[in-house]
Amino acid sequence: MAEAPAPPAPDPLAPDPAHDVTLDAAALRVLAHPVRLNLLSRLRQYGPATARQLAAHFALDPGSASYHLRRLAAGGLIEEDRGRGTRRDRWWQARHRTSFHDPGANSPSEQADSRAYAQSLLLAYSDRLRRLAGTVPLLPDDWYAASVFSDYTLHLTPDELNAMKAELVEVVGRYRQLGPREPQHSADDSDTGDSADGTEEVGVPVPTPVSVQLQSFPLLDR
């Protein structure tokens, strides 16, 4: 009897319904603002926070932060964490791990929203990089050696860029599956790997959130 054909490999560019959200036209309009993108990214990376905390981090007026958070909530991207906080000091949490958007799937009427969202993404990324630049001199030596600061110029067709994009996303997906973890300790460790003051033991690697950014688009400003 012939063996059943193997199931097709999952599409690396497809969202995971259990963790991710595919942006519709309404969500694209909500996210066509770099401040909202940065607020959403912060909640996804570091967990629930209040408008006051987020306003302090991003140097925003608390009222402005509250407004943008309400817009994100109305778009179904965040929700109130009712297990903590009060009516006067509400905590917000992200509803999804990642947003997915396929520009090629937009109808003609959605093209303007799609491009406004993409432009806001780049503005949000540039703001994050500007703020992260101040942390580079403070990086521990091992993290500095492992970091990457590169810019490549390739000569590709749209099909070649799509193929490269799928390969890169597949690699990122493999490492994303590792998720948050506790520090690993060797079998001969005599303690938990933490010093008496709660700091990391020297030589014990601690899984840390790492920002991996990829922007790829044609250079038309010649």
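1. Arg42 is placed over the face of Tyr46, 4.2 Å from the ring centre. Likewise, the charged end of Arg84 lies over the ring of Trp91, at 4.9 Å from its centre. The criterion for a charge over a ring is NZ of Lys or CZ of Arg within 6 Å of the ring centre and within 35 degrees of the ring normal.

2. This is a predicted model, in which local features need pLDDT of at least 70 and side-chain atom pairs count only at pLDDT 80 or more, while totals for chains, interfaces and linings use all residues. Residues are numbered from 1 along each chain as its sequence is written, and side-chain values use heavy atoms, with hydrogens and water left out.

3. Arg36 belongs to helix α2 (residues 34–46) (helices are DSSP runs of H or I, at least four residues; strands are runs of E, at least two; both are numbered from the N terminus). Arg36 is buried but has no salt bridge, and Asp113, the nearest side chain of opposite charge, is 11 Å away. Buried means under 20% relative accessible area, exposed over 50%, partly exposed in between (1.4 Å probe, protein chains only). A salt bridge requires a side-chain nitrogen of Lys or Arg within 4 Å of a carboxyl oxygen of Asp or Glu.

4. An open sheet of 3 strands has antiparallel pairing in the order β2-β4-β3 (pairing takes at least two DSSP bridges). Its edge strands, β2 (49–50) and β3 (78–85), each pair on one side only. Between β2 and β4 (residues 90–94) there are 2 bridges, and Ala49 stands opposite Trp92 in β4.

Notes:
Lys and Arg count as positive and Asp and Glu as negative; His and the chain ends are not counted.
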